[in-house]
Amino acid sequence: MTRKIKIAAAQIGAVHRTDPREATLQRMLKLLENAGSQGAELVLFPETAFTTFFPRHLINDPDELSSWFEHGDVTKSPNTAPLFAKATELNVDIAVGFAEAADNGERFNACVYYHAKTGSVLSKYRKIHLPGDFEPFADPKATNQLEKRYFKPGDLGFEAFRVPKLANGSEPIMGMMICNDRRWPEAWRCLGLQGVEVVLCGYNTAGFAPDLWGSDKNQDPQKAEESALFHHKLVMQANSYMNATFSVSAARCGMDDGKYSLIGGSCITGPEGDILAEAQTVEDEIIIADCDLDLCTQGKTRTFDFARHRRTEHYGRILEQTGVVEPPRLDSDNKVANGASNGEHASSNINRSAMPDAPRKIRILLCNPNATKSMTDNCVKMVEPTLPADVEVVGFTAPTPAPLAVEGNVDNIMSAAAACRTIIPMQRREGFDAMLVACYSDHALIRMLREEFDVPVIGIMEASLIAARTLGARFGIVATSNRSKVMHGDAVRHYGMEGFCAGVESCNIGVLDLERKPRSQILGIMQDVARSLVASGAETLTLGCAGMTDMKAAVEEAVGEDCQVVDGVVAGVHHLVGMVRMGGKTAKCGMYASSSKARKMRSQEYV
């Protein structure tokens, strides 16, 4: 029994910002009919296929922004339903990308696999590796990539799925990813570990965007486009080979609006990394290939037989950290400072004072226990201008499964566990002098780190209250949500400062709203809350979320110079600097004695 599928990629040429959606839909219907006439059983369409790639534009009008998204069931929306109806009519499966406005109010860069024979969506994927930035570049001529502004990182994982009634009823295993995901081998390996046989990937990839890439603005645009096309094919071919799977990639390409270059290069790749079909234009085009899924067997049972050859005991670093952690520097004898040989990253703390060739720096780890890296970056950015030359702050963002925001007790515990498991080996390698937990709460991670290490540890809430109490008789807290208002009040009582608190008031927003809602709206709410607290007797104000750290100036403007506004991140860093300079350590004779030895005796070294 052969297990062949005829698969097509539907490449779509330029789509301009002013193009009517109906016109783009008609082009897609024509491509689908073309593929169907050639016997295609499955057709892949690009990322955000129904519109131009709107995340390159800064869109402040809520109505316009909403118009780029699909609301409700994508198979039934007037702007998209005809494509699914045509797929059913032709008895051809389709996978198609679109901007999803979910029922819960979140927005995603998504795609679905539609099964024509049953008229149902078999699988949905939401893009996980969002590229680019939240804010646009200062240069108005730059090509922006604002997916982090408009989309939330995907929350469905990399899940493979079976497709019935294809490949002689053998239920082939497929998986989906979108654009930038294809550059991350972790995404491919997650699907490979589920036995994936076909990976579907739609994309919009810039042909010339030096600001986005951080490259030379004077480079030749044609060579830049050739390089982008090379990298696209490189990742499709290499990862298909390393996971013994077919892959199909479909481009949205051409010159959008006469100035935004997108590469073509739609291709179908075999499990040995060979290209079976490739687009020859940057226009609307169908490429098609017969894919014999039995050809995946050789790689899956020999070279890439994961069960026999993978060595997961050595892959821990992939899950333990997100950013780069370099090996410790060497001393004059080519030894790391704690005496281990180069390459032997010792598990104990690094004695940085034994390094005579460099001035001694106080290194503080800023620990963001949620998984939203942009918040970490903002915290580090805001505190850096306040640092003396001998102080360095290193940002850390908790890895998944940490939540994207800490807005309740479950988030607290989940984020603390994910962060602590990563920080413990990191601290053993790096030996930071102090740690700041950048979550405005009485976060569980604070006590966990105090138990595990003797370096000073404090959270931004406690640090901000100490600073606020120093600068004024009574303080107020600008909180995010109504639940955080209650939790902050409990924490104030725990810290023994209830008698100095003039009030805690809520902005009635979520943590992620600080980045996703219009900035003018958020600042206006915060300013109103700040004025209300001052009217209630607050002489100092603290910002009740790490995500508010870059909004301090707006609050100061609202309350005037006589009321002091304290940012917990800056207050926390400088509090710790003072602790380190005075030689302070976390006491180990009582509450913060480590339980690590007891865990080892119980054979429960779960941290």
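Residues are numbered from 1 along each chain as its sequence is written, and side-chain values use heavy atoms, with hydrogens and water left out. Because the model is predicted, local features need pLDDT of at least 70 and side-chain atom pairs count only at pLDDT 80 or more, whereas totals for chains, interfaces and linings use all residues.

The domain assignment divides the protein into domain 1 (7-304), domain 2 (362-461) and domain 3 (464-574); such bounds come from an automatic or database domain assignment. Between the C-alpha centres of domain 1 and domain 3 the distance is 43 Å.

Most residues other than glycine have a negative phi, and most peptide bonds are trans. A cis peptide bond, with omega of about 15°, links Thr400 to Pro401. Pro401 is placed in the loop between strand S17 (391-397) and helix H12 (409-430). Helices (H or I, at least four residues) and strands (E, at least two) are DSSP runs, numbered from the N terminus.

Asn508 is located in the loop between strand S21 (501-506) and helix H16 (513-516), and counts as exposed at 57% relative accessibility. Buried means under 20% relative accessible area and exposed means over 50%, with partly exposed in between (1.4 Å probe, protein chains only).
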